[in-house]
Amino acid sequence: MSREYSLAHLSMIAVPPARMADVAAGAGFEWFSLRLTPSPSTGVDHGHVGDDRALEALRRHIESSGSALLDLEVVRMKGPDSVREALPLLDAAQALGAR
């Protein structure tokens with residue numbers, strides 16, 4: 001049985017998303033995740049959500065990196081508007097080709 005592994009962005013949250021793709025590929029990970037929403041614990045916000053040009057450039061970089069984007073982190077379900085509030089992140093996931 002073969003196993004595939006994914007590198008979580010929170011383990012290296014200060015690393016910019018494009019560099020994260022390179023790090024994952026260089027370390028032999030088939031997959032990686034990105035946290036594109038601001039991290040409450042660190043305040044890091046890579047500024048891609050809602051920026052179509054940045055997302056397109058990142059998508060092209062990911063495609064050439066040798067690793068694939070598994071998912072985006074994190075959707076916090078805090079109340080009745082949580083799904084609506086998550087739509088920009090879900091749109092970014094689609095634009096980047098996340099599984």
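Two strands count as paired if DSSP finds at least two bridges between them. Helices (H or I, at least four residues) and strands (E, at least two) are DSSP runs, numbered from the N terminus. This is a predicted model, where local features need pLDDT of at least 70, side-chain atom pairs count only at pLDDT 80 or more, and totals for chains, interfaces and linings use all residues. Residues are numbered from 1 along each chain as its sequence is written, and side-chain values use heavy atoms, with hydrogens and water left out.

Let's start with the sheet. It is open, with 3 strands in the order β1-β2-β3 and parallel pairing. The edge strands, pairing on one side only, are β1 and β3. Between β2 and β3 there are 5 bridges; tryptophan 31 has alanine 68 in β3 as its bridge partner.

| Element | Residues |
|---|---|
| β1 | 6–7 |
| β2 | 31–35 |
| β3 | 68–73 |
| α1 | 17–26 |
| α2 | 52–65 |

Now for helix α1. Its buried residues (under 20% relative accessible area, 1.4 Å probe, protein chains only) are Pro17, Met20, Ala21, Val23 and Ala24. Seen down the axis of α1, these fall within an arc of 165° (taken from the directions from the helix axis to the C-beta atoms), so they line one face of the helix. An α-helix has 3.6 residues a turn, so residues three or four places apart point the same way. The buried residues of α1 pack against β1, β2 and α2, where contact means heavy atoms within 4.5 Å. After α1 comes glycine 28, with a positive phi near 90°.

Conventions
Buried < 20%, exposed > 50% of the residue type's maximum accessible area, 1.4 Å probe, protein only.
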